[in-house]
Amino acid sequence: MDHDENYREISRVSRRHWRPKEGQVNALLPTEPVTNALALSATSPATRAAYSRHWLRWASWCEGRGACALPATPGSVADYLVECNGAGFALATLKAYCAAISVAHQAAGLDSPTRALLVRKTLQGAAKASRPAKKAAALTFDDLGALVAAAQGPLAVRDRAALLVSFWGALRGDDLAGLTVAALEWQPWGVVLNVFGKTEKGNVARRVPLERRGDALCPVTALEAWLPNASGALFACFRGTDLLSDTLRRLARNAGVACRWSSHSLRAGLVTSAHRCGIAESDIQATTGHRSADMLRGYIREADLQRRCLTTRIG
């Protein structure tokens, strides 16, 4: 099922789980969301797929408790959030669940229960009780060399290409999984990746240049070695999974180092490494696609912690 079909699934599942209350008439049945090409292009494929997953989870929760998923009551949504919060879900996840519920209601022409005071206060309470979000540890340039050297066996070509393209392109896991052979623009000096990630809208891609380095950490050489194995999707096996994190753990074992990384560590690592080398924030942001410089500086502040430490700078 493709991303657009996932998005349409919100409405189909809404119909299955929608239970009319006494006195309601057929005119209140949820309608199909607008799914023409222009409407779909307003939301990235990754976001549409996330909405679908979150809605399916919410609808299943409602079915198990005899509650109405669409239209939902603020009380049901608040109960759902309390249960998810108690199970240890992050605040960002709770907000994502609310977004999916809201989109489904808007698509059906209904008022969203997530706007109710009860739901907003529940989220505020979860925010106060939640721990700060744990950021992925940065996999820096020095770490990258050790992991690439540890890539051995039948998966070595794929592993090297995935790691190096993700690092130098500052890609999210979904960005890597969404790359296609057609999205590559080959140049005499390297290749341009046309990335359609969660912050890119419609047909406007983030253009990420990768230049030849001439060493073992060259992303262009690694990509050329992997290309004969790809057709359509460049890294089809990474779709819908966290295989990149699993790959990092396996390579860390091969290298004999403790793995503290996830798939997002490669993106964080490029920002950290670039900042340490004195590269301008604007150039880093052009590669990462961060819309806000403040978001980018979140990575940089982590990289600067040791440099700013005063312990060894006095006396």
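Guide: A salt bridge here is a side-chain nitrogen of Lys or Arg within 4 Å of a carboxyl oxygen of Asp or Glu. By that rule the side chains of R249 and D246 meet in a salt bridge, at 2.2 Å from N to O. Keep in mind that this is a predicted model.

Visitor: Where do R249 and D246 sit relative to each other?

Guide: Both are in helix α11, and because they are three residues apart there, about one helical turn separates them.

Visitor: And how accessible are R249 and D246?

Guide: R249 has 37% relative accessibility, so it counts as partly exposed. D246 is partly exposed too, with a relative accessible area of 36%.

Visitor: Okay, zooming out: how many salt bridges does the structure hold?

Guide: Nine. One of them is between D159 and R250, where the closest N and O atoms are 2.9 Å apart. That pair links distant parts of the chain: D159 belongs to helix α8 (residues 156-169) and R250 to helix α11, 91 residues apart.

Visitor: Is D159 buried or exposed?

Guide: D159 is buried, because its relative accessibility is 0% and the cut-off for buried is under 20%. R250 comes out as partly exposed, since its relative accessible area is 21%.

Visitor: Which residues are joined with R250 into one network?

Guide: R158 and D159: salt bridges that share partners tie R158, D159 and R250 together.

Visitor: Switching topic. Where is S263?

Guide: S263 lies in the loop between α11 (243-255) and α12 (264-276).

Visitor: Buried or exposed, that S263?

Guide: Buried: its relative accessibility is 15%, and anything under 20% falls in that class.

Visitor: What does S263 touch, leaving out residues up to four places away in sequence?

Guide: With those set aside, S263 touches D242, L244, S245 and L248.

Technical notes. Residues numbered from 1 in each chain as written. Predicted model: local features only at pLDDT ≥ 70, side-chain atom pairs only at ≥ 80, totals over all residues. Heavy atoms only, no water. Helix = DSSP H or I, 4+ residues; strand = E, 2+ residues; numbered from the N terminus. Buried < 20%, exposed > 50% of the residue type's maximum accessible area, 1.4 Å probe, protein only. Contact = heavy atoms within 4.5 Å.
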